[in-house]
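Work through the exercises below with the sequence and the model open. Each task is followed by a solution in steps.

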Amino acid sequence: MKEMIVDVAVIGAGTAGLAAYRAAIAGGKSAVIIEGGPYGTTCARVGCMPSKLLIAAAEAAHATEKWDAFGIRLEGSVRIDGAAVMARVRSERDRFVGFVVGGVDGIPAEHKLRGYASFLDDHSLQVDGHTVVTFGRAVIATGSSPAVPPMLKAAGKRLIVNDDVFDWTDLPESVAVFGPGVIGLELGQALHRLGVRVEVFGRGHFVGPFSDPALKTYATRAFSAEFPLHADARVVSIEEDPDGVTILREQAGEGVVSTHFQWVIAATGRTPNVKNLGLENTTVKRADNGVPEFDRTTMQCGGSHIFIAGDANNDLPLLHEAADEGRIAGENAVRFPDVQPGLRREPIAVVFSDPQLATVGRRFADLAPDSFVTGEVSFEDQGRSRVMLRNKGLLHVYAERGSGRLLGCEMMGPDVEHLAHLLAWAMQSGMTVQRALEMPFYHPVVEEGLRTALRDAAAKLAAA
(Lines give C-alpha, C1' and ligand atoms only; values in the text may rest on other atoms or scores of the structure.)
Protein backbone atom coordinates (compact mmCIF):
# COMPACT_ATOMS: atom_id res chain seq x y z
CA MET A 1 0.00 0.00 0.00
CA LYS A 2 1.44 3.36 -1.05
CA GLU A 3 1.27 6.37 1.24
CA MET A 4 0.96 10.06 0.36
CA ILE A 5 0.93 13.13 2.60
CA VAL A 6 -0.55 16.42 1.29
CA ASP A 7 -1.93 19.67 2.60
CA VAL A 8 -5.11 19.44 0.51
CA ALA A 9 -6.81 16.36 -0.92
CA VAL A 10 -9.44 17.07 -3.59
CA ILE A 11 -11.87 14.25 -4.33
CA GLY A 12 -13.24 14.60 -7.85
CA ALA A 13 -11.80 16.11 -11.03
CA GLY A 14 -14.89 17.82 -12.37
CA THR A 15 -15.55 21.56 -12.58
CA ALA A 16 -15.58 22.10 -8.80
CA GLY A 17 -12.68 19.77 -8.11
CA LEU A 18 -10.41 21.32 -10.72
CA ALA A 19 -11.21 24.82 -9.40
CA ALA A 20 -10.44 23.70 -5.83
CA TYR A 21 -7.16 22.05 -6.86
CA ARG A 22 -6.02 25.15 -8.77
CA ALA A 23 -6.86 27.38 -5.78
CA ALA A 24 -4.89 25.12 -3.45
CA ILE A 25 -1.83 25.14 -5.71
CA ALA A 26 -2.12 28.92 -6.23
CA GLY A 27 -2.18 29.26 -2.44
CA GLY A 28 1.17 27.50 -2.17
CA LYS A 29 -0.09 24.23 -0.71
CA SER A 30 0.69 20.68 -1.76
CA ALA A 31 -2.39 19.02 -3.25
CA VAL A 32 -3.63 15.85 -4.91
CA ILE A 33 -6.72 15.48 -7.08
CA ILE A 34 -8.38 12.05 -6.96
CA GLU A 35 -10.70 10.71 -9.67
CA GLY A 36 -12.14 7.24 -10.17
CA GLY A 37 -14.28 7.90 -13.23
CA PRO A 38 -13.44 9.27 -16.67
CA TYR A 39 -11.88 12.71 -16.89
CA GLY A 40 -14.06 15.42 -18.39
CA THR A 41 -16.72 17.37 -16.55
CA THR A 42 -20.43 16.50 -16.38
CA CYS A 43 -21.11 19.64 -18.43
CA ALA A 44 -18.76 18.63 -21.24
CA ARG A 45 -19.49 14.89 -21.29
CA VAL A 46 -23.24 14.53 -20.68
CA GLY A 47 -24.66 17.91 -19.72
CA CYS A 48 -24.57 21.47 -20.99
CA MET A 49 -22.61 21.02 -24.20
CA PRO A 50 -23.94 17.79 -25.79
CA SER A 51 -27.52 18.77 -24.95
CA LYS A 52 -27.05 22.13 -26.68
CA LEU A 53 -25.64 20.35 -29.74
CA LEU A 54 -28.82 18.28 -29.93
CA ILE A 55 -30.97 21.37 -29.37
CA ALA A 56 -29.11 23.27 -32.12
CA ALA A 57 -29.95 20.53 -34.62
CA ALA A 58 -33.58 20.54 -33.48
CA GLU A 59 -33.84 24.32 -33.86
CA ALA A 60 -32.46 24.12 -37.39
CA ALA A 61 -35.07 21.51 -38.31
CA HIS A 62 -37.90 23.41 -36.63
CA ALA A 63 -37.09 26.71 -38.34
CA THR A 64 -38.55 25.47 -41.62
CA GLU A 65 -41.97 25.07 -39.99
CA LYS A 66 -42.31 28.86 -39.81
CA TRP A 67 -41.31 29.51 -43.41
CA ASP A 68 -44.84 29.33 -44.75
CA ALA A 69 -46.04 32.03 -42.35
CA PHE A 70 -43.22 34.28 -43.62
CA GLY A 71 -44.27 33.63 -47.21
CA ILE A 72 -41.32 31.36 -47.92
CA ARG A 73 -42.29 28.16 -49.72
CA LEU A 74 -40.37 24.94 -49.25
CA GLU A 75 -40.53 22.66 -52.27
CA GLY A 76 -40.41 19.04 -51.16
CA SER A 77 -39.71 18.07 -47.57
CA VAL A 78 -36.91 18.34 -45.03
CA ARG A 79 -35.25 15.03 -44.21
CA ILE A 80 -33.58 14.53 -40.85
CA ASP A 81 -30.59 12.19 -40.99
CA GLY A 82 -30.56 10.87 -37.43
CA ALA A 83 -27.21 9.16 -37.79
CA ALA A 84 -25.62 12.39 -39.02
CA VAL A 85 -27.23 14.40 -36.24
CA MET A 86 -25.85 12.09 -33.57
CA ALA A 87 -22.46 11.84 -35.27
CA ARG A 88 -22.05 15.62 -34.94
CA VAL A 89 -23.28 15.55 -31.34
CA ARG A 90 -20.73 12.89 -30.41
CA SER A 91 -17.90 14.47 -32.39
CA GLU A 92 -18.34 17.95 -30.93
CA ARG A 93 -18.99 16.49 -27.46
CA ASP A 94 -15.68 14.63 -27.66
CA ARG A 95 -14.00 17.86 -28.73
CA PHE A 96 -15.29 19.72 -25.68
CA VAL A 97 -14.30 16.83 -23.42
CA GLY A 98 -10.87 16.91 -25.04
CA PHE A 99 -10.36 20.50 -23.90
CA VAL A 100 -11.08 19.48 -20.29
CA VAL A 101 -8.91 16.36 -20.49
CA GLY A 102 -6.14 18.48 -21.96
CA GLY A 103 -6.32 20.69 -18.90
CA VAL A 104 -6.11 17.65 -16.62
CA ASP A 105 -3.15 16.33 -18.62
CA GLY A 106 -1.36 19.55 -17.74
CA ILE A 107 -1.53 18.70 -14.03
CA PRO A 108 1.72 17.08 -12.84
CA ALA A 109 1.42 13.29 -12.64
CA GLU A 110 2.42 13.28 -8.96
CA HIS A 111 -0.59 15.49 -8.19
CA LYS A 112 -3.11 13.01 -9.64
CA LEU A 113 -4.45 9.74 -8.27
CA ARG A 114 -6.71 7.38 -10.20
CA GLY A 115 -9.29 5.54 -8.12
CA TYR A 116 -12.27 5.98 -5.82
CA ALA A 117 -11.57 7.60 -2.46
CA SER A 118 -13.13 6.71 0.87
CA PHE A 119 -12.51 8.38 4.25
CA LEU A 120 -10.77 6.19 6.81
CA ASP A 121 -11.01 8.94 9.41
CA ASP A 122 -10.94 12.74 9.62
CA HIS A 123 -7.46 12.97 8.13
CA SER A 124 -6.97 10.03 5.83
CA LEU A 125 -8.40 8.55 2.65
CA GLN A 126 -7.98 5.19 1.00
CA VAL A 127 -7.91 5.28 -2.79
CA ASP A 128 -9.07 1.92 -4.14
CA GLY A 129 -6.69 -0.69 -2.77
CA HIS A 130 -3.47 1.02 -3.67
CA THR A 131 -2.91 4.31 -1.78
CA VAL A 132 -3.59 5.91 1.61
CA VAL A 133 -3.61 9.71 1.50
CA THR A 134 -3.03 11.63 4.72
CA PHE A 135 -4.26 15.21 4.40
CA GLY A 136 -4.52 18.41 6.37
CA ARG A 137 -7.71 19.54 4.61
CA ALA A 138 -10.03 17.91 2.07
CA VAL A 139 -12.46 19.12 -0.58
CA ILE A 140 -15.33 16.83 -1.58
CA ALA A 141 -16.20 17.49 -5.24
CA THR A 142 -17.58 14.14 -6.32
CA GLY A 143 -20.44 15.47 -8.45
CA SER A 144 -23.77 13.73 -8.95
CA SER A 145 -25.41 10.89 -10.87
CA PRO A 146 -28.82 10.52 -12.54
CA ALA A 147 -31.57 9.47 -10.15
CA VAL A 148 -33.86 6.63 -11.29
CA PRO A 149 -37.20 6.11 -9.49
CA PRO A 150 -37.86 2.43 -8.67
CA MET A 151 -41.04 2.42 -10.81
CA LEU A 152 -39.04 3.03 -13.98
CA LYS A 153 -36.81 0.00 -13.45
CA ALA A 154 -39.63 -2.16 -14.80
CA ALA A 155 -38.53 -0.90 -18.23
CA GLY A 156 -35.49 -3.18 -17.88
CA LYS A 157 -32.97 -2.91 -20.70
CA ARG A 158 -35.15 -0.31 -22.40
CA LEU A 159 -34.51 2.18 -19.58
CA ILE A 160 -31.73 4.71 -20.04
CA VAL A 161 -30.74 7.90 -18.25
CA ASN A 162 -30.31 11.22 -20.01
CA ASP A 163 -26.52 10.75 -20.01
CA ASP A 164 -26.89 7.75 -22.35
CA VAL A 165 -28.64 9.74 -25.10
CA PHE A 166 -25.40 11.30 -26.25
CA ASP A 167 -23.88 7.94 -27.13
CA TRP A 168 -26.69 7.06 -29.57
CA THR A 169 -25.51 6.42 -33.13
CA ASP A 170 -28.97 7.15 -34.55
CA LEU A 171 -32.29 8.62 -33.46
CA PRO A 172 -34.95 6.20 -32.23
CA GLU A 173 -38.54 6.04 -33.43
CA SER A 174 -40.09 6.84 -30.05
CA VAL A 175 -39.21 7.68 -26.44
CA ALA A 176 -41.05 8.25 -23.18
CA VAL A 177 -39.31 10.95 -21.15
CA PHE A 178 -39.96 10.89 -17.41
CA GLY A 179 -39.35 14.23 -15.76
CA PRO A 180 -40.45 17.56 -17.32
CA GLY A 181 -37.75 19.47 -15.49
CA VAL A 182 -34.77 21.22 -17.04
CA ILE A 183 -33.22 18.11 -18.61
CA GLY A 184 -36.47 16.41 -19.60
CA LEU A 185 -37.91 19.45 -21.36
CA GLU A 186 -34.72 20.16 -23.29
CA LEU A 187 -34.28 16.56 -24.43
CA GLY A 188 -37.98 15.88 -25.01
CA GLN A 189 -38.58 18.91 -27.18
CA ALA A 190 -35.33 18.49 -29.13
CA LEU A 191 -36.06 14.84 -29.92
CA HIS A 192 -39.64 15.71 -30.91
CA ARG A 193 -38.40 18.37 -33.35
CA LEU A 194 -35.97 15.87 -34.80
CA GLY A 195 -38.83 13.57 -35.72
CA VAL A 196 -38.89 11.24 -32.72
CA ARG A 197 -42.34 10.44 -31.28
CA VAL A 198 -42.08 11.80 -27.75
CA GLU A 199 -44.32 11.91 -24.70
CA VAL A 200 -43.18 13.55 -21.48
CA PHE A 201 -44.44 12.36 -18.09
CA GLY A 202 -44.35 14.30 -14.82
CA ARG A 203 -45.98 14.43 -11.41
CA GLY A 204 -47.50 17.24 -9.39
CA HIS A 205 -47.73 19.70 -12.30
CA PHE A 206 -44.07 20.67 -11.95
CA VAL A 207 -42.73 22.01 -15.26
CA GLY A 208 -39.22 23.34 -15.77
CA PRO A 209 -37.78 25.43 -12.92
CA PHE A 210 -40.98 27.35 -12.17
CA SER A 211 -42.65 27.86 -8.80
CA ASP A 212 -44.96 30.71 -9.91
CA PRO A 213 -48.42 29.18 -10.58
CA ALA A 214 -49.02 31.42 -13.60
CA LEU A 215 -45.71 30.44 -15.21
CA LYS A 216 -46.30 26.74 -14.53
CA THR A 217 -49.74 26.92 -16.12
CA TYR A 218 -48.48 28.86 -19.15
CA ALA A 219 -45.52 26.55 -19.72
CA THR A 220 -47.65 23.42 -19.42
CA ARG A 221 -50.13 24.75 -21.96
CA ALA A 222 -47.43 25.90 -24.39
CA PHE A 223 -45.42 22.68 -24.40
CA SER A 224 -48.53 20.50 -24.44
CA ALA A 225 -49.57 22.21 -27.68
CA GLU A 226 -46.36 20.94 -29.31
CA PHE A 227 -46.03 17.41 -27.92
CA PRO A 228 -47.88 15.28 -25.35
CA LEU A 229 -46.93 16.54 -21.89
CA HIS A 230 -48.60 14.78 -18.98
CA ALA A 231 -47.69 17.13 -16.12
CA ASP A 232 -49.42 14.95 -13.53
CA ALA A 233 -49.34 11.49 -15.09
CA ARG A 234 -51.07 8.58 -13.36
CA VAL A 235 -48.94 5.68 -14.53
CA VAL A 236 -50.54 2.30 -13.88
CA SER A 237 -47.72 0.08 -15.12
CA ILE A 238 -44.54 -0.09 -17.17
CA GLU A 239 -43.73 -3.35 -18.90
CA GLU A 240 -40.73 -4.29 -21.04
CA ASP A 241 -41.35 -6.33 -24.19
CA PRO A 242 -39.09 -7.53 -27.03
CA ASP A 243 -39.59 -4.34 -29.05
CA GLY A 244 -39.61 -1.72 -26.30
CA VAL A 245 -41.83 -0.70 -23.40
CA THR A 246 -45.59 -0.50 -22.93
CA ILE A 247 -46.84 2.17 -20.54
CA LEU A 248 -50.35 2.11 -19.12
CA ARG A 249 -51.68 5.32 -17.61
CA GLU A 250 -54.99 6.65 -16.43
CA GLN A 251 -56.41 9.37 -18.68
CA ALA A 252 -59.30 11.50 -17.45
CA GLY A 253 -62.43 10.64 -19.40
CA GLU A 254 -60.76 7.81 -21.31
CA GLY A 255 -59.87 5.26 -18.64
CA VAL A 256 -56.59 3.40 -19.00
CA VAL A 257 -54.53 4.33 -22.09
CA SER A 258 -51.76 2.10 -23.47
CA THR A 259 -48.77 3.54 -25.37
CA HIS A 260 -45.72 1.77 -26.72
CA PHE A 261 -42.21 3.27 -26.90
CA GLN A 262 -38.78 2.06 -27.96
CA TRP A 263 -37.07 3.65 -24.98
CA VAL A 264 -37.77 5.17 -21.58
CA ILE A 265 -35.51 8.07 -20.57
CA ALA A 266 -35.21 8.86 -16.87
CA ALA A 267 -34.67 12.62 -16.59
CA THR A 268 -35.81 12.69 -12.99
CA GLY A 269 -33.06 14.66 -11.34
CA ARG A 270 -29.62 13.84 -10.00
CA THR A 271 -28.30 12.42 -6.73
CA PRO A 272 -25.13 13.69 -5.00
CA ASN A 273 -22.26 11.19 -5.14
CA VAL A 274 -21.63 10.93 -1.39
CA LYS A 275 -22.93 7.45 -0.60
CA ASN A 276 -19.66 5.53 -0.80
CA LEU A 277 -17.29 8.17 0.56
CA GLY A 278 -17.02 6.66 4.04
CA LEU A 279 -18.30 9.87 5.62
CA GLU A 280 -19.55 7.77 8.54
CA ASN A 281 -15.88 7.40 9.51
CA THR A 282 -15.54 11.16 9.97
CA THR A 283 -16.98 13.59 12.51
CA VAL A 284 -18.77 15.56 9.78
CA LYS A 285 -22.50 15.94 10.42
CA ARG A 286 -24.76 14.86 7.57
CA ALA A 287 -28.31 15.67 6.52
CA ASP A 288 -30.91 12.96 5.96
CA ASN A 289 -29.83 12.59 2.33
CA GLY A 290 -26.26 11.85 3.41
CA VAL A 291 -24.86 15.21 2.24
CA PRO A 292 -22.62 16.91 4.81
CA GLU A 293 -24.06 20.00 6.45
CA PHE A 294 -22.14 23.00 5.13
CA ASP A 295 -22.02 26.79 4.94
CA ARG A 296 -22.78 27.85 1.36
CA THR A 297 -20.72 31.05 1.73
CA THR A 298 -17.54 29.23 2.82
CA MET A 299 -18.25 25.63 1.65
CA GLN A 300 -17.04 24.45 5.06
CA CYS A 301 -18.64 21.33 6.59
CA GLY A 302 -19.53 22.47 10.10
CA GLY A 303 -16.40 23.79 11.76
CA SER A 304 -14.21 21.12 10.23
CA HIS A 305 -11.25 21.09 7.85
CA ILE A 306 -13.42 19.36 5.23
CA PHE A 307 -15.17 21.36 2.48
CA ILE A 308 -17.72 20.39 -0.16
CA ALA A 309 -18.35 21.97 -3.57
CA GLY A 310 -20.29 21.48 -6.78
CA ASP A 311 -23.11 19.02 -7.43
CA ALA A 312 -22.00 16.90 -4.46
CA ASN A 313 -23.52 19.41 -2.03
CA ASN A 314 -26.93 19.35 -3.80
CA ASP A 315 -27.32 23.13 -3.61
CA LEU A 316 -27.11 24.76 -7.07
CA PRO A 317 -26.06 22.12 -9.63
CA LEU A 318 -24.89 24.50 -12.34
CA LEU A 319 -21.46 24.80 -13.94
CA HIS A 320 -20.81 28.43 -13.00
CA GLU A 321 -21.87 27.74 -9.41
CA ALA A 322 -19.63 24.66 -9.24
CA ALA A 323 -16.66 26.72 -10.45
CA ASP A 324 -17.31 29.40 -7.83
CA GLU A 325 -17.84 26.86 -5.07
CA GLY A 326 -14.70 24.94 -5.96
CA ARG A 327 -12.62 28.10 -5.89
CA ILE A 328 -14.10 29.16 -2.54
CA ALA A 329 -13.55 25.70 -1.07
CA GLY A 330 -9.96 25.56 -2.32
CA GLU A 331 -9.11 29.03 -1.04
CA ASN A 332 -10.59 28.26 2.36
CA ALA A 333 -8.76 24.94 2.50
CA VAL A 334 -5.55 26.94 1.98
CA ARG A 335 -6.27 29.49 4.70
CA PHE A 336 -7.95 27.10 7.21
CA PRO A 337 -8.73 27.76 10.06
CA ASP A 338 -9.07 31.38 8.91
CA VAL A 339 -12.13 30.56 6.80
CA GLN A 340 -13.77 33.50 5.00
CA PRO A 341 -16.99 33.93 2.98
CA GLY A 342 -16.51 33.90 -0.77
CA LEU A 343 -18.44 35.72 -3.48
CA ARG A 344 -21.75 34.01 -4.25
CA ARG A 345 -23.41 35.55 -7.29
CA GLU A 346 -27.08 36.29 -7.92
CA PRO A 347 -28.74 32.95 -8.76
CA ILE A 348 -29.48 32.51 -12.45
CA ALA A 349 -30.73 29.40 -14.27
CA VAL A 350 -31.74 28.92 -17.92
CA VAL A 351 -33.55 26.10 -19.72
CA PHE A 352 -32.66 26.03 -23.42
CA SER A 353 -36.06 24.93 -24.63
CA ASP A 354 -38.04 26.99 -27.14
CA PRO A 355 -39.29 29.29 -25.77
CA GLN A 356 -36.50 29.42 -23.21
CA LEU A 357 -37.25 29.32 -19.48
CA ALA A 358 -35.30 31.17 -16.82
CA THR A 359 -35.28 32.11 -13.16
CA VAL A 360 -33.20 34.88 -11.60
CA GLY A 361 -32.71 35.79 -7.97
CA ARG A 362 -35.45 34.61 -5.68
CA ARG A 363 -38.28 32.59 -7.16
CA PHE A 364 -41.95 33.13 -6.34
CA ALA A 365 -41.87 30.33 -3.76
CA ASP A 366 -38.91 31.92 -1.96
CA LEU A 367 -40.77 35.16 -1.23
CA ALA A 368 -43.01 35.91 1.73
CA PRO A 369 -46.63 36.61 0.73
CA ASP A 370 -47.55 40.30 0.60
CA SER A 371 -43.87 41.32 0.73
CA PHE A 372 -43.62 42.01 -2.99
CA VAL A 373 -45.47 43.04 -6.13
CA THR A 374 -45.37 41.26 -9.48
CA GLY A 375 -44.73 43.07 -12.74
CA GLU A 376 -46.00 41.13 -15.74
CA VAL A 377 -45.61 41.07 -19.50
CA SER A 378 -46.86 38.63 -22.11
CA PHE A 379 -44.65 38.10 -25.14
CA GLU A 380 -47.66 37.17 -27.28
CA ASP A 381 -48.19 40.79 -28.33
CA GLN A 382 -44.65 42.08 -27.75
CA GLY A 383 -43.48 43.83 -30.92
CA ARG A 384 -40.11 42.25 -31.67
CA SER A 385 -41.36 38.81 -30.64
CA ARG A 386 -44.27 38.99 -33.09
CA VAL A 387 -41.98 40.18 -35.88
CA MET A 388 -39.90 37.01 -35.44
CA LEU A 389 -42.96 34.76 -34.99
CA ARG A 390 -41.54 33.81 -31.61
CA ASN A 391 -44.29 35.41 -29.59
CA LYS A 392 -44.91 32.83 -26.87
CA GLY A 393 -44.04 33.56 -23.28
CA LEU A 394 -44.75 35.25 -19.98
CA LEU A 395 -42.46 37.19 -17.63
CA HIS A 396 -43.03 37.91 -13.95
CA VAL A 397 -40.59 40.19 -12.14
CA TYR A 398 -40.83 40.52 -8.34
CA ALA A 399 -40.11 43.80 -6.52
CA GLU A 400 -40.01 44.47 -2.80
CA ARG A 401 -42.85 46.56 -1.41
CA GLY A 402 -41.63 49.84 -0.03
CA SER A 403 -38.06 49.85 -1.33
CA GLY A 404 -38.90 48.78 -4.89
CA ARG A 405 -35.76 46.64 -4.95
CA LEU A 406 -35.69 43.92 -7.61
CA LEU A 407 -35.91 40.55 -5.89
CA GLY A 408 -36.35 37.92 -8.57
CA CYS A 409 -37.95 36.82 -11.80
CA GLU A 410 -39.48 33.77 -13.46
CA MET A 411 -39.92 33.92 -17.21
CA MET A 412 -40.58 32.08 -20.43
CA GLY A 413 -39.93 33.70 -23.79
CA PRO A 414 -37.70 34.14 -26.85
CA ASP A 415 -34.00 33.98 -25.96
CA VAL A 416 -34.64 34.98 -22.34
CA GLU A 417 -31.09 33.85 -21.53
CA HIS A 418 -30.19 37.48 -22.35
CA LEU A 419 -32.94 39.00 -20.21
CA ALA A 420 -31.86 36.69 -17.39
CA HIS A 421 -28.35 38.10 -17.48
CA LEU A 422 -29.59 41.70 -17.53
CA LEU A 423 -31.77 41.02 -14.50
CA ALA A 424 -29.06 39.10 -12.64
CA TRP A 425 -26.65 42.02 -13.06
CA ALA A 426 -29.37 44.48 -12.00
CA MET A 427 -30.25 42.45 -8.91
CA GLN A 428 -26.66 41.82 -7.86
CA SER A 429 -25.99 45.57 -8.10
CA GLY A 430 -29.03 46.27 -5.89
CA MET A 431 -31.19 48.03 -8.49
CA THR A 432 -34.72 49.16 -7.80
CA VAL A 433 -37.52 49.08 -10.33
CA GLN A 434 -37.25 52.82 -10.84
CA ARG A 435 -33.49 52.71 -11.36
CA ALA A 436 -33.89 49.88 -13.90
CA LEU A 437 -36.46 51.97 -15.79
CA GLU A 438 -33.89 54.75 -16.09
CA MET A 439 -31.66 52.43 -18.13
CA PRO A 440 -31.76 52.65 -21.98
CA PHE A 441 -34.06 50.37 -23.98
CA TYR A 442 -33.62 50.24 -27.73
CA HIS A 443 -36.52 49.82 -30.17
CA PRO A 444 -37.56 47.34 -31.41
CA VAL A 445 -36.03 44.65 -29.16
CA VAL A 446 -37.35 41.88 -26.92
CA GLU A 447 -35.92 43.77 -23.93
CA GLU A 448 -38.79 46.25 -24.30
CA GLY A 449 -40.93 43.49 -22.86
CA LEU A 450 -38.92 43.70 -19.67
CA ARG A 451 -39.55 47.45 -19.58
CA THR A 452 -43.29 46.76 -19.81
CA ALA A 453 -43.07 44.42 -16.82
CA LEU A 454 -41.03 46.94 -14.87
CA ARG A 455 -43.61 49.65 -15.58
CA ASP A 456 -46.33 47.31 -14.36
CA ALA A 457 -44.37 46.70 -11.15
CA ALA A 458 -43.79 50.43 -10.68
CA ALA A 459 -47.52 51.16 -10.97
CA LYS A 460 -48.31 48.48 -8.40
CA LEU A 461 -45.62 49.79 -6.04
CA ALA A 462 -47.06 53.28 -6.32
CA ALA A 463 -50.55 51.97 -5.54
CA ALA A 464 -49.42 49.89 -2.57
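This is a predicted model: local features need pLDDT of at least 70, side-chain atom pairs count only at pLDDT 80 or more; totals for chains, interfaces and linings use all residues.

**Exercise 1.** Find how strand β20 runs relative to β21, and how many bridges join them.

Solution. Step 1: locate β20 at residues 372-378 and β21 at residues 394-400. Step 2: count the bridges between these strands, which gives seven. Step 3: read the direction; β20 and β21 run antiparallel.

**Exercise 2.** Explain why strand β20 is largely enclosed by the rest of the structure.

Solution. Step 1: take a residue as buried when its relative accessible area is under 20%. Step 2: five of the seven residues of β20 are buried, so the strand is largely enclosed.

**Exercise 3.** Determine how many disulfides the model holds, and which cysteines are joined.

Solution. Step 1: apply the cut-off, a pair of cysteine sulfur atoms within 2.5 Å. Step 2: C43 and C48 meet it, with S to S at 2.4 Å. Step 3: the count is one disulfide. Step 4: classify both ends; C43 is buried at 12% relative accessible area, whereas C48 is partly exposed at 30%.

**Exercise 4.** Identify the residues with the most contacts inside the largest nonpolar core, and the elements that give two or more residues to this core.

Solution. Step 1: the largest nonpolar core has 40 residues, and L54, L191, F223 and M412 have the most contacts inside it. Step 2: the elements giving this core two or more residues are α3, α4, β9, α5, β10 and α6. Step 3: another core, of 29 residues, lies apart from it and includes V373 and L406.

Methods: Residues are numbered from 1 along each chain as its sequence is written. Side-chain values use heavy atoms; hydrogens and water are left out. Buried means under 20% relative accessible area, exposed over 50%, partly exposed in between (1.4 Å probe, protein chains only). A nonpolar core is a set of buried Ala, Val, Leu, Ile, Met, Phe, Trp, Tyr and Cys residues joined through side-chain atoms within 4.5 Å. Helices (H or I, at least four residues) and strands (E, at least two) are DSSP runs, numbered from the N terminus. Two strands pair if DSSP finds at least two bridges between them.
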